[in-house]
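Subject: Structure handover

Hello,

The structure is handed over below. My notes on it follow.

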Amino acid sequence: MAVQSVESSTTSSPTSTSAASKAFGPAVALSCRECGERFDLGPIFACEVCFGPLEVAYELPTGDPEGLRRRIEAGPNSIWRYAPLLPVPADVADLPSLNPGFTKLVKADHLARELGVTGELHIKDDSGNPTHSFKDRVVAIAVQAARTFGFTTLSCSSTGNLAGAVGAAAARAGFRSCVFIPHDLEAGKVVMAAVYGGDLVGIEGTYDDVNRFCSELIGDPAGEGWGFVNVNLRPYYGEGSKTLAYEICEQLGWRLPDQIVIPIASGSQLTKIDKGLKELIALGLVEDKPYKIFGAQAEGCSPVSAAFKAGHDVVRPQKPRTIAKSLAIGNPADGPYVLDIARRTGGAVEDVNDEQIVDAIKLLARTEGIFAETAGGVTVGVTKKLIEDGLLDPSLTTVVLNTGDGLKTLDAVAPTTGPSAIIRPTLDSFREAGLV
Ligand SMILES: *Cc1c(COP(=O)(O)O)cnc(C)c1O
Ligand SMILES: [Zn+2]
């Protein structure tokens with residue numbers, strides 16, 4: 001139990017000279033999202049007082065926004081350019097990592113025209129990450145924490161993309177890995193999770209079953225020395241999503257977008273993007289102005305969207321049935337916080353059905369040359385619906401996230417996509433096909 005029983009005193013306040021806080025850069029403590037109680041930085045994820053989720057608290061480098069901006073701009077073309085704002089050591093870029101992030105922000109003028117957007121529309125295309133999903137960001141931060149805490153095996157419960165991201169990051173950073181997925185995922189995700197040589201375990205059940213199993217494993221001697229990136233390392237993992245907020249603003253010329261459309265699985269990404277935007281405002285890196293955050297779900301797994309529409313504060317779990325398997329979490333841990341953020345910022349949470357997801361994947365591919373996975377179909381489809389319903393203002397600057405790669409979810413579009421014709425290798429045969 002040595003690794004997991006790190007002391008979490010409620011009275012001592014960590015100082016910036018301790019070895020631990022050097023490893024965690026500007027991070028100074030873990031704090032409870034519910035009651036505000038503070039704990040030393042350790043491999044813990046739930047408040048000892050109220051069982052609320054813990055998040056990383058910082059002493060951020062305020063006072064010299066110009067200097068900080070210059071330092072960031074001179075940094076590497078990866079998430080590590082934001083090291084001064086993350087729970088990582090200052091020399092993190094020299095450590096073995098997949099160096100994710102700094103993905104393209106694509107100005108989507110053709111898509112804008114199709115959707116009736118008269119303002120700026122951008123796609124933040126995170127399919128460009130090393131394992132082709134946004135999960136490389138969160139894993140990269142969790143790996144640093146795992147190293148500091150002395151874990152030897154990296155693990156996770158995954159809806160697919162996380163398993164691949166953990167497998168690859170473990171291989172690169174020299175950890176053993178053993179990851180857990182629902183047994184019925186897309187072939188592209190299963191192969192991607194297995195190819196890096198770690199152990200991959202398919203569990204007969206939904207993601208929520210997989211997650212419950214992992215929680216049990218953490219408390220068992222069998223899980224000793226294991227860092228589960230999205231369970232006992234979750235506070236650190238979550239911080240990786242802040243880099244999406246930083247990059248979007250930097251790529252817009254240090255400007256906040258007016259509206260962002262974000263997919264929801266557990267809701268971690270959405271809540272941390274909001275946290276990142278608030279930090280940029282507090283640091284004086286962007287001008288303070290209102291922004292709206294919109295959440296996107298698949299109709300077949302829409303617990304947060306259902307709660308939003310019903311005006312509820314609590315999220316009622318659902319049993320997922322959707323082609324958007326990367327978002328198929330029926331009992332999302334951060335659901336209530338997502339509701340808070342959507343309501344506070346004047347945004348909304350909406351969902352689209354499987355047919356609309358496929359149509360949106362094809363729309364984005366046809367208009368911008370971006371092949372999104374089903375989660376990208378969800379955000380683009382929801383954007384279209386929000387505009388039609390008058391909830392998203394088409395005259396403002398909007399950023400829509402594509403968090404994964406269509407090559408991992410070929411089954412979604414394969415039945416309705418294919419060659420225009422199969423011909424003999426002759427001009428006559430080509431003419432007969434009616435394409436000219
Ligand atoms: C995991 C994932 C998300 C969002 O996950 P959260 O649990 O809400 O942070 C979004 N898109 C893709 C493709 C994912 O794999
Ligand atoms: Zn608490």
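How many nonpolar, polar and charged residues does the shell around ligand 1 have? There are six nonpolar, nine polar and two charged residues in it. The shell has 17 residues, and those that come nearest to ligand 1 are Ala265, Ser266, Gln269, Thr403 and Gly404. Please keep in mind throughout that this is a predicted model.

Alanine 375 belongs to helix H14, which is made up of residues 374-388.

Overall shape

The chain contains 16 helices and 13 strands. Its C-alpha atoms fill a box of roughly 80 × 50 × 45 Å along the principal axes. The radius of gyration is 22 Å, which agrees with the value near 22 Å for a compact globule of 436 residues. Of those 436 residues, 53% count as buried. Among contacts with a separation of 6 or more, 69% are between residues 24 or more positions apart.

The UniProt record, an unreviewed entry, annotates residues 98-404 as "domain: Tryptophan synthase beta chain-like PALP". In the model, that span is 44% helix and 16% strand, and its end C-alpha atoms are 17 Å apart.

Strand S5 covers residues 121-125. Five of its five residues are buried, so S5 is largely enclosed by the rest of the structure. In a regular strand, side chains alternate between the two faces of the sheet. In S5, Leu121, Ile123 and Asp125 point one way, while His122 and Lys124 point the other way. All of these residues are buried, including the ones that point the other way.

Which strands are joined to S5? Strand S4, residues 104-107, runs antiparallel to S5 and is joined to it by four bridges. In that pairing, leucine 105 has lysine 124 as its bridge partner. Strand S13, residues 398-402, runs parallel to S5 and is joined to it by five bridges. Here the bridge partner of histidine 122 is valine 399.

Strands S6 and S7

Strand S6, residues 153-157, runs parallel to S7, and five bridges join the two. Threonine 153 stands opposite arginine 176 in S7. Strand S7 consists of residues 176-182 and is mostly covered, with five of its seven residues buried.

Leucine 154 is in S6. It counts as buried because 27 other C-beta atoms lie within 10 Å. Apart from residues up to four places away in sequence, leucine 154 touches Val143, Ala146, Val166, Ala170, Phe175, Ser177, Gly227 and Val229. One of these, valine 166, is twelve residues from leucine 154 in sequence and 7.0 Å from it in space, C-alpha to C-alpha.

Two positive phi angles

Most residues other than glycine have a negative phi. Phenylalanine 51 is not a glycine, yet its phi is positive, at about 70°. Histidine 132 is not a glycine either, and has a positive phi of about 65°.

Where are these two residues found? Phenylalanine 51 is in the loop between strand S2 (38-39) and strand S3 (54-58). Histidine 132 is in the loop that runs between strand S5 and helix H4 (135-149). Phenylalanine 51 counts as exposed because it has 10 C-beta neighbours inside 10 Å, the limit for that label being 12 or fewer. Histidine 132 counts as buried because it has 23 C-beta neighbours inside 10 Å.

Regards

Terms used
Residues numbered from 1 in each chain as written. Chains lettered and ligands numbered in written order. UniProt positions renumbered as here; feature names shortened; annotations may be inferred. Buried ≥ 20, exposed ≤ 12 C-beta atoms within 10 Å, placed from the backbone. Rg over C-alpha atoms; globule rule 2.2 N^0.38 Å. Contact = placed C-beta atoms within 7 Å. Near = placed C-beta within 6 Å. Nonpolar A, V, L, I, M, F, W, Y, C, P; charged D, E, K, R; others polar. Pairing = 2+ DSSP bridges.
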